[in-house]
Amino acid sequence: MAAGGRASGRPAKKKGPSKGAGGQGRRALEGRGATPPAEMRHWYKDKARSERVAREERGGTRRTAPARQRRSEDAPEYIGGRNPVLEALQAGVPSNALYVAQRIDNDDRVRDSIRIAAERGIALLEITRDKLDRLTEGGVHQGIALQIPAYDYAHPSDLVQLAEDAAETPLIVALDSVTDPRNLGAIARSATAFGAHGLLIPSRRSAGVTGGAWKTSAGTLATMRVARAANLTAALREYREAGLFVIGLDGAGETDLQDVELLSEPLVVVVGSEGKGLSRLVREHCDVVTRIPMRGAAESLNAGVAAGVALYEVARHRRL
């Protein structure tokens, strides 16, 4: 038998101690902890999105956006835009703070607004454009906005008292279902120009004195009082009992505006919404329902325009 093989009968050489791993192998065996839930994995959002799209394509239920929270009546309003802000400050509109965007491109309107705010002791705050977007709810602000407190509405009877204090024939403008605050602002502007003593709006289903109304009014809401009634028809009935005549503007009216004989009397002019016109109950409480004569191509007028035309005609009669 050949010598030197495993079967040679000689004892094998004993190995010495080998170099250890320093415990690294044992730590590797401990693992990486518990498996994370699906929503914590990097692919979860993409998978959830693709599943939602697939459900919608199959006609499943779509996710709806959360309902917009209704603004509290006591919450402040914001006027955005360089011209509206300057006009509001010049008109003495009650204001809490003036917000100016960082790194704004200054012009005379911005400088004048800051000067007037400083003179009136209105807080000046510099904020980012993103925050300014949120404050103005995405409206055009041109880098500047004015915070105004919630409007302090008058009582309907206060409007008659204003006319009596001025020794003038009362002229009040009532709004029936006018829901656009820009129309409210435009009507306030016309009412100021033609000598009305105030506006009357219902508490429900009507535009209020918001930032949009202030902006459109060009500051005239600072001097034009607005009253609010829980029930418009009840307020009109009380005006009639106090000796005022009620004239309703409606495209389906029986009498042309220039032919109405009551325009020089104590008067309430009721403006209805564009399209729907006057509501049935309000129409029943009018002494006269009148229309503005127009050519056939124009079926109706915007509520703000109609109010301006009617108030001009009232003012013209009262100057005669």
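Contact here means heavy atoms within 4.5 Å. The model is predicted, so to speak of local features requires pLDDT of at least 70, side-chain atom pairs count only at pLDDT 80 or more, and totals for chains, interfaces and linings use all residues. Residues are numbered from 1 along each chain as its sequence is written, and side-chain values use heavy atoms, without hydrogens and water.

Leaving out residues up to four places away in sequence, L199 touches L159, V173, L184, I187, A188, A191, M224, R225, V226 and A227. L199 and V173 have the most contacts inside the largest nonpolar core. Such a core is a set of buried Ala, Val, Leu, Ile, Met, Phe, Trp, Tyr and Cys residues joined through side-chain atoms within 4.5 Å; buried is under 20% relative accessible area, exposed over 50%, and partly exposed in between (1.4 Å probe, protein chains only).

| Core | Residues in core | Named members |
|---|---|---|
| Largest nonpolar core | 53 residues | V173 and L199, with the most contacts inside it |
| Another core, apart from it | 20 residues | among them L159, L232, A235 and V270 |

Helix 3 (residues 82–90) packs with helix 4 (residues 108–119) at about 30°, their axes 9 Å apart. Helix 3 is therefore roughly parallel to helix 4, a class for angles under 35 degrees. Helices are DSSP runs (H or I, at least four residues), and strands are E runs of at least two. Axes are lines fitted to C-alpha atoms, for helices over the stretch in contact, with angles from 0 to 180 degrees between N-to-C directions.

G251, in the loop between strand 8 (245–249) and strand 9 (255–256), counts as exposed because its relative accessibility is 68%.

Note on methods:
Angles under 35 degrees count as roughly parallel, over 145 as roughly antiparallel, 65 to 115 as roughly perpendicular and the rest as oblique.
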